[in-house]
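Dear colleague,

Please find below the structure that I am handing over to you, followed by an account of what was found in it.

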Amino acid sequence: MKRVLIIEDERDLAELLAFNLEKEGYTATCIHDGKLGLERASTDIPDLILLDLMLPGLLGNEICKALRKDQRTAHIPIIMIT
């Protein structure tokens with residue numbers, strides 16, 4: 001089963017995305033803080049990341065840069081949601 005990490009601080013939007021992804025057979029995890037999202041993406045490598053730009057803790061573009069610099073996470077597709 002493909003795993004999607006949703007890093008989005010608007011809980012209603014994150015839950016809506018997760019609901020629709022799970023309905024289509026994906027496993028979705030929601031994180032509402034940038035720093036925690038980066039930690040989760042680095043330790044529990046997802047198949048796809050849906051990433052907001054404006055996040056508490058760490059901005060989305062900084063998360064994206066950090067993930068691209070790390071050989072373990074550089075391959076993960078990232079879709080920016082804003």
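The model is a predicted one, in which local features need pLDDT of at least 70 and side-chain atom pairs count only at pLDDT 80 or more, while totals for chains, interfaces and linings use all residues. Residues are numbered from 1 along each chain as its sequence is written, and side-chain values use heavy atoms, with hydrogens and water left out.

The buried residues of α3 include Gly 60, Ile 63 and Leu 67; buried stands for under 20% relative accessible area, exposed for over 50%, and partly exposed for what lies in between (1.4 Å probe, protein chains only). Seen down the helix axis, the buried residues of α3 fall within an arc of 55°, so they line one face of the helix; the arc is taken from the directions that run from the helix axis to the C-beta atoms. Lys 65 and Lys 69 are exposed on the other side of α3.

**Helix α1**

Helix α1 comprises residues 11-23, and its 13 residues should span 18 Å at 1.5 Å a residue, which agrees with the 18 Å between its end C-alpha atoms. The expected span is 1.5 Å times one less than the number of residues. Ala 14, Ala 18 and Leu 21 are buried in α1. These residues cover an arc of only 65° around the axis, which puts them on the same side of α1. Among the elements that cover them are β1 (3-7), β2 (27-31) and β3 (48-52). The face turned away from the buried side carries the exposed residues Asp 12, Phe 19 and Lys 23. Just after α1, Gly 25 takes a positive phi of about 100°.

**Nonpolar cores**

The largest nonpolar core has 13 residues, of which Leu 5, Ile 7, Ile 49, Leu 51, Ile 63 and Leu 67 touch the most other members. Such a core is a set of buried Ala, Val, Leu, Ile, Met, Phe, Trp, Tyr and Cys residues joined through side-chain atoms within 4.5 Å. At least two residues of this core come from each of β1, α2, β3 and α3 (60-69). A second, separate core of 8 residues includes Ile 6, Ala 14, Leu 50 and Ile 81.

**Charged residues**

By the rule used here (a side-chain nitrogen of Lys or Arg within 4 Å of a carboxyl oxygen of Asp or Glu), the count comes to 2 salt bridges. In one of them, the side chains of Asp 44 and Arg 3 meet at 2.7 Å, N to O. Asp 44 lies in the loop between α2 (34-43) and β3, and Arg 3 in strand β1, so this pair ties together parts that are 41 residues apart in sequence. Asp 44 is partly exposed at 37% relative accessibility, and Arg 3 is partly exposed at 29%. Asp 70 forms a salt bridge with Arg 72, where the closest N and O atoms are 2.8 Å apart.

Asp 52 is placed in strand β3. Leaving aside neighbours within four places in sequence, Asp 52 is in contact (heavy atoms within 4.5 Å) with Ile 7, Glu 8, Asp 9, Gly 60, Ile 81 and Thr 82.

With kind regards

Definitions and conventions
Helices (H or I, at least four residues) and strands (E, at least two) are DSSP runs, numbered from the N terminus.
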